[in-house]
Amino acid sequence: MGDLFIWILSFFILIALIVLLVYQLMCLADLEFDYINPYDSSSRINSVVLPEFVVQGILCLFYLLTGHWIMALISAPYLYYDVRLVKTIDVRGGAERIYWQTFMYPERIEWRIAISA
């Protein structure tokens, strides 16, 4: 019964992670089709970037604490990528550079969704 609870909890954490990523893609699509201005789009995306990193860290830590080593090893490169992004570059996009980020950022988000799912 405990193992079932662990997998259900990890499932909901994964769903939360995917929802955050899809929200970022929707904000970029709205920006691309001029439904929203760059300032609103960048503020919406910036509000979910760090919570996304935190949710991924919690998921990896959850796998480690519950003894699911294979799942922890699968999610560790994703967590390393997040930590490297935070340390090396500014992960929060500004309104002035959101347009030239619209080419690389959706690919990064799609890659993250593929890894999470």
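Hi everyone, let me start with F12, which sits in helix 1, residues 2-32. Helices here are DSSP runs of H or I with at least four residues, strands are E runs of at least two, and both are numbered from the N terminus. Before going further, a word on what we are looking at. This is a predicted model, so to speak of local features we need pLDDT of at least 70, and side-chain atom pairs count only at pLDDT 80 or more, while totals for chains, interfaces and linings use all residues. Residues are numbered from 1 along each chain as its sequence is written, and side-chain values use heavy atoms, with hydrogens and water left out.

Now the overall picture. The chain has 5 helices and 0 strands, and from the N terminus the order reads α-α-α-α-α. Of its 117 residues, 38% are buried; buried means under 20% relative accessible area, exposed means over 50%, and partly exposed is in between, with a 1.4 Å probe and protein chains only. Looking at contacts between residues at least 6 apart in sequence, 75% join residues at least 24 apart; contact means heavy atoms within 4.5 Å.

Back to helix 1. Its 31 residues reach 45 Å from first C-alpha to last, close to the 45 Å expected at 1.5 Å a residue. That expected span is 1.5 Å times one less than the number of residues. Which residues of helix 1 are buried? They are I6, S10, I13, L14, L17, L20, L21, Q24, C27, L28 and L31.

F12 itself belongs to a nonpolar surface patch, together with M1, L4, I8, F11, I15 and V19, and the patch has about 760 Å² of accessible area in total. Patch residues have over 30% relative accessible area and no salt bridge; like charges are joined within 9 Å, and nonpolar side chains (Val, Leu, Ile, Met, Phe, Trp, Tyr) within 5 Å. A salt bridge, for the record, is a side-chain nitrogen of Lys or Arg within 4 Å of a carboxyl oxygen of Asp or Glu.

Beyond its neighbours within four places in sequence, I6 is in contact with F62, T66 and H68. The C-alpha atoms of I6 and Y63 are 9.0 Å apart, although 57 residues separate them along the chain. Y23, also in helix 1, is partly exposed because its relative accessible area is 32%. Just after helix 1, D34 takes a positive phi of about 60°.

On to helix 2. This helix has 29 residues and reaches 42 Å from its first C-alpha to its last, close to the 42 Å expected. Leaving out residues up to four places away in sequence, S41 touches C27, L31 and I36. R44 is in helix 2 too, and at 37% relative accessible area R44 is partly exposed. Setting aside neighbours within four places, R44 contacts Y23, C27 and I36. Just after helix 2, G67 takes a positive phi of about 85°.

So where is the core? The largest nonpolar core has 21 residues, and I45, V55, L59 and Y63 have the most contacts inside it. Helix 1, helix 2 and helix 3 (69-88) are the elements that give two or more residues to this core. By nonpolar core I mean a set of buried Ala, Val, Leu, Ile, Met, Phe, Trp, Tyr and Cys residues joined through side-chain atoms within 4.5 Å. V55 touches I13, L17 and L20, not counting residues up to four places away in sequence.

One last stop, in helix 3: Y80 lies there and counts as exposed, because its relative accessibility is 56%. Y80 and G57 are 23 residues apart in sequence and 9.4 Å apart in space, C-alpha to C-alpha.

Conventions: Accessible areas come from the Shrake-Rupley method with a 1.4 Å probe; for residues, only the protein chains shown count as cover.
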